[in-house]
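I opened the notebook to write down what I looked up today. The entries follow the order in which I checked things.

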Amino acid sequence: MQKQLANWGNYPAVTCDEQAFSQDDQLQAVVAQHDAIIARGNGRCYGDASLAVHSISTLKYDKVLDFDVQHGYLTCQSGITLDQVLEIIVPKGWFLPVTPGTKNITIGGAIASDVHGKNHHVDGAFSRHVTWVDVLTADGQTIRCSHTENTDLFWATCGGMGLTGVITVVKFDLKKIETAYIKQTQIKAKNLDEVIRLFEEYKHYTYSVAWIDCLQKGDAFGRSILIVGEHATTADLSPKQAEHPLQLPKKSQLTMPFNLPEFVLNTFTVKAFNWLYYGKNFKREITNVVPYEPFFYPLDAILHWNRGYGKSGFVQYQFVLPMDQQSGLVTILKRISDKGWGSFLAVLKVFGQQHDLISFPMEGYTLALDFPVRKGLFEFLDELDELVLQHKGRLYLSKDARMKQEIFWKSYPDAKRFQEIVQRYDPKGKFRSIQSDRLLLTKPQ
Amino acid sequence: MSTVLILGAGSDMAVAIARKYAREKYNVQLAARKLEYLVPLQQDLQIRYGITATVHAFDALDTASHAAFYASLPVKPDQVICVFGYLGNQETAQDDWEEAQRIIATNYTGAVSILNIVANDYAARKSGTIVGISSVAGVRGRQSNYMYGSAKAGFTAYLAGLRNRLYHDGVHVLSVQPGFVATRMTEHLALPPLLTATPEQVANAVFSAAAAKKNVIYVKWFWRYIMLLIRNIPEGMFKKMKM
């Protein structure tokens, strides 16, 4: 059936014919039936990477096939969400090896985007923890690939935005935990220089991320809060928490019922930041033990927070610059704060080493912030793209909805090799999205 | 621990029902034609909910095999949920007897055949619950789907009669008329969102209605009134409508 589909940024929205499957033969039939199709999970990439005239929803293909509780391995179908995985593994003392800032994505999406988390500088991206992946390719064959087997397909699938085929079954390793809590420390930084110094000082922490206040100028430019954390041990817990160390306390969830005028979310974030930053008794550094949910998924507590940006939607702009391009970070952040169009808060994170075929992370600084869609925005972002390129950086495809193709080809050094592998497995370009056509990774029809 | 048998366990609605019962700590028997469809769900239920799930080959159309199928179950279930159904294609069924027969045999004859066997067992044991997933399409025949509707009408009447008979044996029968449900079977249809239930809503409604020994439920409450309205349109007017 034809319907309007958009991903998390509500931009772009397209008319799409989406079909679901829950069995392998149903998937094969749908893939065989179309010349142009893309797999879609829970629609949490921000832009057009999983949008196409025909999409195939993996959400009903969500069965857990094996859970090795002894050694910490999970084998599951690709449509299961991280949320469901956590429900299964946390009570048994295991955690996701890598998680992005929302648990509402599917495992298939985690691989197609090769997601990173607050522990990238220690644990790398999701692909590092994948034992193997089964991919249904264009000719109807399901091929198993891994770090050692059909490696070309594996590296083109991790971060490959679904262009090699449909990810069907995945085996990955888990991280051992003693409790469902995180011992976190929040440290205030007066400006950008200080927060970058703090990242270095606190780099032995498994998890780290900083929230930057984009509105400050002068000495306070880049004023931020660095949040670092470790999985708490039972000794860290309060007596009440220690009664059920692997269970989270009950929580309620708020829902954003409709699209809000666009200033509201910023008002909300301003207040949240001020509360954190200036809050009474807030020392330079505080440490406390919190459930894993608010630590990893602060925004998931508000269902549909994306509606806070209003009807025309928003784009999230996330780029990474290499370590030696700190000056670029300052330049770009200044441009954004001078323009005043971005969200009040930006997320800054230091990535560790990674060099994969097409995955986004590289050793350096990554910054992410939201821009509500408005007249003139895309021209402005084009200017930022040039700056990112000048400083040898690149943009995250899972957030992208508008990058020009030449920026992509210039900023991803292995794009050509990636395209060759995609074409080897899919010579007719069956798997394609609006994004892949826009970036000329596939030939627009 | 109680056991539930799900007949037609391959569908989206059946998956949701199986997960709901497993979450409530029932052991689950999954029955459908293709065993390979059921194995992933079997693993999923056992890993997620720590219950025992088994898989059983069952073909609704092969009525001759039903007695042996029921006899072969390792444990007799405390509850049987008949989920299978076949929407078919109305227009094809008007010209093609095979399609018409498949609609009738899946939705009516096949269901009657297996539930007769279950009913006799439960009557003898003086306990058990039978749940039949019928359809609002069975309330009144409409030109767009009266093949399916008439078979479901038969099934609804069968369940009502069975409820009446088994009441005296302490056996409960629940009829479910889900209205529109967003599943693979209906994904090509433009269903009004307000009137459309998710498979999970159906599963929750079935579980609590069976526990509360309700007789007939609609998943979304306003369907009861929609069907009341549809039932009361005079036939002279109804036949002229295009629906």
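Which residues in helix α6 (residues 192–201) of chain A are buried? I found Leu192(A), Glu194(A), Val195(A), Ile196(A), Leu198(A) and Phe199(A). Buried means under 20% relative accessible area (1.4 Å probe, protein chains only). Helices are DSSP runs of H or I, at least four residues, and strands are runs of E, at least two, numbered from the N terminus.

I noted that this is a predicted model, where local features need pLDDT of at least 70 and side-chain atom pairs count only at pLDDT 80 or more, while totals for chains, interfaces and linings use all residues. Residues are numbered from 1 along each chain, chains are lettered from A, and side-chain values use heavy atoms, without hydrogens and water.

I then looked up what covers the buried residues of α6(A), and the cover includes β12 (181–189), β13 (207–213) and α10 (326–339) of chain A.

Next I turned to the two chains. I listed 19 residues of chain B in contact (heavy atoms within 4.5 Å) with 20 residues of chain A. Tyr37(B), Ile47(B) and Arg184(B) supply 36% of the area that chain B buries against chain A, more than any other three residues. Buried area is the accessible area (1.4 Å probe) that two parts lose on being put together, summed over both.

I counted three salt bridges between chain B and chain A, each a side-chain nitrogen of Lys or Arg within 4 Å of a carboxyl oxygen of Asp or Glu. One of them joins Asp62(A) to Arg19(B), with the closest N and O atoms 2.9 Å apart. On the side of chain B that touches chain A, α1 (12–23) and α2 (35–49) of chain B are the elements that give two or more residues. There, α2(B) gives the most, with eight residues.

Notes
Buried means under 20% relative accessible area, exposed over 50%, partly exposed in between (1.4 Å probe, protein chains only).
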